[in-house]
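Please consult the sequence and the structure while reading.

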Amino acid sequence: MDAVFTVLGFGLVGFGLYDVFRGLLYPSGRGTISFWVLRLVWRLSRSTNHRWGSLAGPLGVVIVIVLWGMLQAFGWALVYYPYVPGGFYYAEGMNPENYDDFAEALYISLVTLGTLGFGDVVPTGAWLRFVSPIEALIGFALLTATLSWFSQIYPALARRRALAVRLRALQSIGYADRVAFLDRAGASRTLDQLTADIVDVHVALVQNAESYYFREVKEDAALAVSLPYAMEIAARAGQAPAEEVRLSGEMLSSAVADFGQHLRTEFHGSGESTEEVLGAYATDHGYPAGPAEPLP
């Protein structure tokens with residue numbers, strides 16, 4: 001029976017580490033826990049008409065981090081459980097008979113995982129003395145990984161917001177109506193920059209899928225609202241007399257379509273045409289489908 005607890009414990013530890021690897025370190029990957037937790041929290045926020053939608057992403061990430069920690073804590077507790085109390089030395093004044101064996105194993109696991117090093121309970125078993133430092137290293141690595149996760153998410157959100165604000169600014173001056181009549185070099189340069197920004201946001205979303213579940217508080221910074229205007233710009237550019245501008249418009253349209261395809265297949269799963277997909281994107285984030293209203 002002792003071996004069963006040990007194998008089960010190492011299994012939980014291994015699953016937790018693999019999920020962290022998939023979620024944080026594997027390119028274009030996502031962990032099982034992070035995927036289902038973030039999706040569940042997002043759906044709960046949608047059921048309240050996104051009343052607390054701006055908290056869905058941060059709250060989901062915190063829950064995922066807590067679950068990762070719990071998997072490690074309970075996994076290592078199962079590893080220690082068969083050897084409590086005989087495999088450990090207790091400081092003077094501590095009577096192991098006063099504590100439940102599993103509760104004590106969990107306490108040892110939490111102290112080790114948190115690298116607290118109280119010294120009140122020390123492993124004495126030959127192999128326990130080697131695996132305890134491994135758990136401490138895992139705890140330190142998990143802390144570092146979760147901090148890195150936040151540092152990856154917020155730059156991706158900043159790029160997304162910057163693109164949304166830029167599209168809103170172009171909409172405020174009626175850029176789509178003017179693009180076909182502008183100087184071809186300037187118009188093409190603006191279109192190419194928009195294409196590069198959309199590709200950049202697309203790649204950031206692939207690498208940080210959890211950023212999708214961060215809903216903007218202000219509509220002006222919501223890409224779900226302003227992205228359809230990029231399609232309108234591309235369509236008007238396709239009517240320009242200059243071939244250079246038409247080509248840049250086609251590239252912009254293609255970039256938006258690719259981005260929309262990723263949104264459909266990985267997140268909301270709705271829509272056939274690019275316009276329908278972008279409309280579903282807006283709806284999923286609690287905004288009306290269709291182009292944003294012109295700014296006053």
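Predicted model: local features only at pLDDT ≥ 70, side-chain atom pairs only at ≥ 80, totals over all residues.

**Aromatic pairs**

- The structure contains 17 aromatic pairs.
- One of them joins Phe10 and Trp76 edge-to-face, with 5.7 Å from centre to centre and 80 degrees between the planes.
- Phe10 belongs to helix α1 (residues 2–25) and Trp76 to helix α3, so this pair ties together parts that are 66 residues apart in sequence.
- Trp76 counts as buried, because its relative accessibility is 2%.
- Trp68 and Trp149 form a tilted pair, at 5.1 Å centre to centre and with 35 degrees between the planes.
- Because Trp68 lies in helix α3 and Trp149 in helix α5 (residues 128–172), their pair ties together parts that are 81 residues apart in sequence.
- Trp68 is buried, with a relative accessible area of 1%, and Trp149 is buried with a relative accessible area of 1%.
- Ring pairs also link Trp42, Tyr212, Tyr213, Phe267 and Tyr281 into a cluster.

**Packing of helices α3 and α4**

- Helix α3 (residues 56–80) packs against helix α4 (residues 101–113) at an angle of about 125 degrees, and their axes are 8 Å apart.
- This angle makes α3 oblique to α4.
- The crossing of α3 and α4 is right-handed.
- Residues making the contact include Gly69, Phe74 and Trp76 of α3 and Phe102, Ile108 and Ser109 of α4.
- The residues of this contact comprise 12 nonpolar, four polar and no charged.

Key
Residues numbered from 1 in each chain as written. Heavy atoms only, no water. Axes fitted to C-alpha atoms, helices over the stretch in contact; angles between N-to-C directions. Helix = DSSP H or I, 4+ residues; strand = E, 2+ residues; numbered from the N terminus. Parallel < 35°, antiparallel > 145°, perpendicular 65-115°, else oblique. Left-handed = near helix turned anticlockwise from the far one by under 90°. Contact = heavy atoms within 4.5 Å. Nonpolar A, V, L, I, M, F, W, Y, C, P; charged D, E, K, R; others polar. Phe/Tyr/Trp six-rings, centres within 6.5 Å; stacked < 30°, edge-to-face > 60°. Buried < 20%, exposed > 50% of the residue type's maximum accessible area, 1.4 Å probe, protein only.
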